[in-house]
Amino acid sequence: MGDRVTAGFRDRVLEPGPVDVTNPVVAWVRFWTRGWRFHGRASRTEFWWVIALELALTAAALWIVGVHGTGGRWELYADPFGAVVSPRVSFHLVEVEQGAWFGWGSGPRDVRPDAWDAVLLAAVIATVVPRWSLLVRRLHDRDHTGMWILLLVFTGPIGWLVLTGMVASRSRARGARFDRGPVGGRQVSSTDEPQLSS
């Protein structure tokens, strides 16, 4: 019985295309194993399970940092890219030359990160590309190109609302066009389609 359960879990994780996910662990494993794939599709349930898990993990991390570390430096930020922590301060990360430095954040204070801050920074950096690819694959499932993420960059709150509506909507069959080819998006020619014998 255990082998059958393990095989079923593995099949759900490795199944190509969008998968209606009822197990949040399957969605989380698919998030990490497909994190560098910007082709293909992600189902609505797969996308929202990852967002829910990120929200829970991020809230827990912020609580831990607030209790044991430097509370008040971070805040929770959620958009279609996911639920992530955002700095309220400017972190002084790398000394470039005398008096010049490279950092992250746009807060009014310039601070050096402590160990708790470094853990949160590492988590944000490790999940950037998988979150982007998940959003792009979810847009593909809606039959939209990944370029729609530029709405978040150029239109702010309006783009946030539009993209949230897009990822919350149901799948479209024409999104399957993004499953083909090494990077997706290749149009199907008549030689690619299976031939029916008479």
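How many residues apart are Trp-28 and Phe-31 in helix α2? They are three residues apart, or about one helical turn, within a helix that spans residues 24-33. This is a predicted model, in which local features need pLDDT of at least 70, side-chain atom pairs count only at pLDDT 80 or more, and totals for chains, interfaces and linings use all residues. Residues are numbered from 1 along each chain as its sequence is written, and side-chain values use heavy atoms, with hydrogens and water left out.

Helices (H or I, at least four residues) and strands (E, at least two) are DSSP runs, numbered from the N terminus. Buried means under 20% relative accessible area, exposed means over 50%, and partly exposed lies in between (1.4 Å probe, protein chains only).

**Aromatic pairs**

- The whole structure holds four aromatic pairs. Rings of Phe, Tyr and Trp (its six-membered ring) pair if their centres lie within 6.5 Å; planes under 30 degrees apart count as stacked, over 60 as edge-to-face, and the rest as tilted.
- Trp-28 and Phe-31 are stacked, because their ring centres are 5.3 Å apart and their planes meet at 20°.
- Trp-28 is partly exposed, with a relative accessible area of 23%.
- Phe-31 has 0% relative accessibility, so Phe-31 counts as buried.
- Phe-31 also pairs with Trp-32, this time edge-to-face, at 5.1 Å centre to centre and 75° between the planes.
- Trp-32 is partly exposed, at 38% relative accessible area.

**Salt bridges**

- Side chains of opposite charge can pair when their charged atoms come close.
- The structure has seven salt bridges. Each is a side-chain nitrogen of Lys or Arg within 4 Å of a carboxyl oxygen of Asp or Glu.
- One of them joins Glu-46 to Arg-30, with the closest N and O atoms 3.3 Å apart. This pair links distant parts of the chain: Glu-46 sits in helix α3 and Arg-30 in helix α2, 16 residues apart.
- Glu-46 and Arg-30 are both buried.
- Another joins Asp-141 to Arg-138, at 2.6 Å from N to O. Both residues lie in helix α4 (residues 115-141), three residues apart, about one turn of the helix.
- Asp-141 counts as buried because its relative accessibility is 0%. Arg-138 is buried too, also at 0%.
- Asp-143 forms a salt bridge with Arg-174, and the closest N and O atoms are 3.6 Å apart. Here too distant parts of the chain are linked: Asp-143 is in the loop between α4 and α5 (150-155), Arg-174 is in the segment after α6 (157-168), and 31 residues separate them.
- Asp-143 is buried, at 16% relative accessible area, whereas Arg-174 is exposed, at 58%.
- Salt bridges that share partners join Arg-30, Glu-46 and Arg-137 into one network.

**The hairpin**

- Strand β1 (residues 74-79) pairs with strand β2 (residues 82-87) in the antiparallel sense, over six bridges. Strands pair if DSSP finds at least two bridges between them.
- The two strands form a hairpin, with two residues between them.
- Glu-75 has Ser-86 in β2 as its bridge partner.
- In a regular strand the side chains alternate between the two faces of the sheet.
- Val-84 belongs to strand β2. Val-84 is buried, with a relative accessible area of 16%.
- Leaving aside residues up to four places away in sequence, Val-84 touches Thr-58, Glu-75, Leu-76, Tyr-77 and Arg-131. Such contact means heavy atoms within 4.5 Å.
- Val-84 and Glu-54 are 30 residues apart along the chain, and their C-alpha atoms are separated by 7.3 Å.

**The nonpolar surface patch**

- Trp-63, Ile-64, Val-67 and Trp-116 make a nonpolar surface patch of about 410 Å².
- Patches are made of residues with over 30% relative accessible area and no salt bridge; like charges are joined within 9 Å, and nonpolar side chains (Val, Leu, Ile, Met, Phe, Trp, Tyr) within 5 Å. Accessible areas come from the Shrake-Rupley method with a 1.4 Å probe, and for residues only the protein chains shown count as cover.
- Helix α3 (residues 44-68) gives the largest share of the patch, three residues.
- Trp-63 is found in helix α3. Trp-63 is exposed, at 58% relative accessible area.
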